[in-house]
Amino acid sequence: MECLWTYIISKPSWATQHHRTEDYRDLWIVDVDGARGASLLNEARRMADSLGAYVHYIGVMDSDEAIAFGADRVHPLGGDVATQRLYSSDAAVSALATFFESHKPEFVFFTAGYYANEIANRLAGKMNGGAITDCIALRLDESTREIIALHPVYDGAYYLDSAITAKPQIFTVREG
């Protein structure tokens, strides 16, 4: 893997700052497919311990299982959302944006996939945050509270280290 360059994604100057950066806390795992949240929970737990933050899990995994993999708090999907398994991207983005407006996550992780990538990008736009999709590695910079993500560019010919300075920082992460 050759890293082509480092790119910093920041909030555009025209975007208004509704909340202070200090208002954003904790790491959130959103498991839209219900199958691969465990590996993200393990990585989030490691990062949260370094930052003194909590790990929240939103998904269909059993609460006891999510806690065993590293979640501090579990927000189970219920009602219509569990039935649809968040398969309506409009509904998912709307529900998550409304939920996150009051909880102000610092970092949000999805398992990478077409559907999750769509939700992550639209959610970042709606919340004036930033998103990096299809990450293959994440590295935490504790001094700046930013995650540097390694992700493919040019159809996988090169790899790029990117960071997001806007909050929330949203990532989709490939398994493996």
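Which strands and which helix are included in what covers the buried residues of helix 4? They include strand 2 (25-30), strand 3 (55-59), strand 5 (105-111) and helix 5 (114-126), where covering rests on contact, meaning heavy atoms within 4.5 Å. This is a predicted model, in which local features need pLDDT of at least 70 and side-chain atom pairs count only at pLDDT 80 or more, while totals for chains, interfaces and linings use all residues. Residues are numbered from 1 along each chain as its sequence is written, and side-chain values use heavy atoms, with hydrogens and water left out.

**View 1. The whole protein.** The protein has five helices and ten strands; helices (H or I, at least four residues) and strands (E, at least two) are DSSP runs, numbered from the N terminus. Of its 176 residues, 47% are buried. Buried means under 20% relative accessible area, exposed means over 50%, and partly exposed lies in between (1.4 Å probe, protein chains only).

**View 2. Helix 4 and its buried face.** Helix 4 (residues 89-103) has 15 residues, which at 1.5 Å a residue should span 21 Å; its end C-alpha atoms are 20 Å apart, in agreement. The expected span is 1.5 Å times one less than the number of residues. Ser89, Ala92, Val93, Leu96, Ala97 and Phe100 of this helix are buried. Seen down the helix axis, these buried residues fall within an arc of 120°, so they line one face of helix 4; the arc is that of the directions from the axis to the C-beta atoms. Asp90, Thr98 and Ser102 are exposed on the other side of helix 4. After the helix comes Lys104, with a positive phi near 45°.

**View 3. Ser162 and His151.** Ser162 belongs to strand 9 (residues 158-164). Its relative accessibility is 1%, so Ser162 counts as buried. The side chains of Ser162 and His151 are joined by a polar contact of 2.8 Å. Such a contact is a pair of N or O atoms within 3.5 Å; within protein, one must be able to donate a hydrogen and the other to accept it, and residues adjacent in sequence count only if both atoms are side-chain atoms.

View 4. Most residues other than glycine have a negative phi, and most peptide bonds are trans. Arg145, in the loop between strand 7 (137-141) and strand 8 (146-153), has a positive phi near 55° and is partly exposed at 22%. Tyr154, in the loop between strand 8 and strand 9, has a positive phi of about 50° and is exposed at 58%. Lys167 and Pro168 are joined by a cis peptide bond, with omega about -5°; Pro168 lies in the loop between strand 9 and strand 10 (169-173).
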